[in-house]
Amino acid sequence: MVKPNEKEKKMVLGVVWNCATELKLLLTALLILAGIATLIQVLPSSPFTITTSDLRLCISRISSPIPAVAPPNISQTPPLSEPPLLQPLPTPSPIPSPPSVERDQVLENGILKRAFNGYGSAAYNFITMGAYRGGLNTFAVVGLSSKPIHVYSRPSYQCEWVSGSNSSSSVTTIGKKFLTDWGYGRVYTVVVVNCTFEQQINGDNSGGKLILHASTSGGGDTKFNLTDRFEVLEEAPGGLDVSIFTSTPKYDYFYCGSSLYGNLSPQRVREWIVYHVRLFGAKSHFVIHDAGGIHEEVMEVLKPWMELGYVTVQDIREQERFDGYYHNQFMVVNDCLHRYRFMAKWMFFFDVDEYIYIPKNTLKSVLDSLSEYSQFTIEQMPMNSKLCLTADNHKLHRKWGFEKLVYRDVKKGIRRDRKYAIQPRSVFATGVHMSQNLDGKTTHQTESKIKYYHYHGTIAQRREPCRNLLNVTELEFERNPYVLDTTLRDISWGIKKFEGKMIGSRLQNTRQ
């Protein structure tokens with residue numbers, strides 16, 4: 001038999017053995033608390049004072065999950081002048097008070113008056129792309145604005161110039177707006193604001209800033225007339241060169257391209273750029289706007305001409321954030337107009353699947369004959385993008401696009417799109433097919449002087465375009481009449497020779 005005392009001892013040992021883990025944790029916790037108490041007595045009372053609330057905060061942080069934090073970029077983090085724990089914490093900005101909420105009310109006559117509360121913003125009031133001087137006292141601001149406001153309301157603009165020599169002194173004028181894509185815009189529409197002051201601006205060349213005040217005039221909410229004030233242009237002291245407004249332009253001919261997007265064919269771009277550099281000559285320049293279409297292979301084609309100073313590429317992919325018409329091409333061409341208006345005598349607007357052609361004489365003689373006009377339009381010659389000659393069957397891969405696509409659409413009674421050229425100093429705002437905001441005359445009677453061949457859709461084809469090989473001079477295809485037209489084919493040898501002279505053979509292996 002086991003004695004009572006021995007039985008109790010075995011019971012205690014059993015309890016201790018079964019609870020060994022819990023006892024270890026309890027003893028560890030007691031040791032930690034004893035260590036903290038000893039540390040508190042050693043530390044000075046200020047500035048490190050630990051209170052009961054501090055302990056609660058520590059315990060709550062330990063119990064709460066730790067959020068994942070990306071490792072810092074050490075190479076870009078400047079060295080700290082003192083340990084982080086010794087730096088004072090920044091004062092948090094006050095939380096803005098929420099807007100007052102209107103409630104439904106029961107009126108004295110028993111009618112329930114419902115309340116409506118607006119939150120957020122559906123579209124920006126104004127999105128700037130660029131602002132430019134147009135003379136001694138005039139400026140142009142190019143951008144986007146919420147289309148519904150302009151369709152159903154009358155937003156207004158005011159321009160303010162703040163002098164660099166006296167920031168408390170400013171002059172203002174009413175901004176005149178031009179809606180160049182009227183009827184085409186989507187969430188956003190293109191707006192060009194003209195700011196013309198009564199006196200010369202920055203006459204002492206002390207610098208200054210152009211401020212735009214964009215007012216909704218009750219558009220969106222008739223209860224409010226919201227006005228956004230923002231800087232659109234700054235001139236540094238001594239930075240204004242007024243001679244540019246009267247001097248001879250740097251270029252005779254300037255190309256402003258629309259937004260390029262999609263999977264463009266490097267070979268078609270190669271053909272187009274060399275063709276027009278040859279046509280426009282040494283005093284010409286081309287601005288290409290990349291909305292996603294200038295991929296690596298296309299860039300390789302443009303590089304030689306960029307190096308020679310003929311081409312500028314602008315990355316405008318960020319404009320895709322804003323839902324406007326056709327990659328916001330109306331905004332893009334207007335920015336190009338105002339950015340380069342004093343650098344060119346004539347400015348052309350057409351696409352990279354279109355080829356300008358002069359039937360007789362030279363481009364210079366044609367434009368000299370049209371110098372009395374501020375604008376002229378150009379007739380389209382539509383070419384089929386599938387029909388080729390049987391004679392080219394075994395050498396299609398060596399032929400250029402305009403060399404093998406030789407059948408022209410001759411259907412009559414159709415109003416075809418025209419492209420155009422302007423004298424930019426006479427134009428306030430422009431469009432894709434012509435300008436309707438200019439000072440001066442426009443002529444459309446140019447058929448015998450200048451035209452353009454349009455190879456619709458070929459710029460975005462990465463495969464061989466020829467689908468039907470023919471050996472006829474006239475035919476009907478897909479219910480349209482066509483005739484053989486070898487105009488550009490006949491001059492292709494000279495264009496290829498010009499490319500070799502200008503940039504050598506570096507593009508010989510360009511792919512479709």
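How many bridges join strand β5 to strand β8? Eight bridges do so, between residues 156-163 of β5 and residues 208-215 of β8, and these strands run antiparallel.

## About the model

This is a predicted model, where local features need pLDDT of at least 70, side-chain atom pairs count only at pLDDT 80 or more, and totals for chains, interfaces and linings use all residues. Residues are numbered from 1 along each chain as its sequence is written, and side-chain values use heavy atoms, with hydrogens and water left out.

## The sheet

Strands of a sheet pair through backbone hydrogen bonds, either parallel or antiparallel. Here, seven strands form an open sheet, and the pairing is antiparallel. The order is β3-β4-β7-β6-β5-β8-β9. At the edges lie β3 (127-133) and β9 (227-235), each pairing on one side only. On average, neighbouring strands of this sheet are turned by 25° against each other, direction ignored.

Pairing needs at least two DSSP bridges between two strands. Strands are DSSP runs of E with at least two residues, helices are runs of H or I with at least four, and numbering starts from the N terminus.

## Two helices

Two packed helices are described by the angle between their axes and the distance between the axes. The axes of α5 and α6 (residues 296-307) come within 8 Å and cross at roughly 20°. Each axis is a line fitted to C-alpha atoms over the stretch in contact, and angles run from 0 to 180 degrees between N-to-C directions.

Angles under 35 degrees count as roughly parallel, so α5 and α6 are roughly parallel to each other. Their crossing is right-handed, a term for a near helix turned clockwise from the far one by less than a right angle.

## The cavities

A cavity is a set of points on a 1 Å grid over the protein atoms alone, where a 1.4 Å probe fits but cannot get out; lining residues have an atom within 4 Å of a point. Volume is the space filled by probe spheres set on the points. The count comes to three cavities of 30 Å³ or more.

Terms used
On a 1 Å grid over the protein atoms alone, a cavity is a set of points where a 1.4 Å probe fits but cannot get out, and a pocket is an open set with protein on both sides within 12 Å along at least five of seven lines; lining residues have an atom within 4 Å of a point. Angles under 35 degrees count as roughly parallel, over 145 as roughly antiparallel, 65 to 115 as roughly perpendicular and the rest as oblique.
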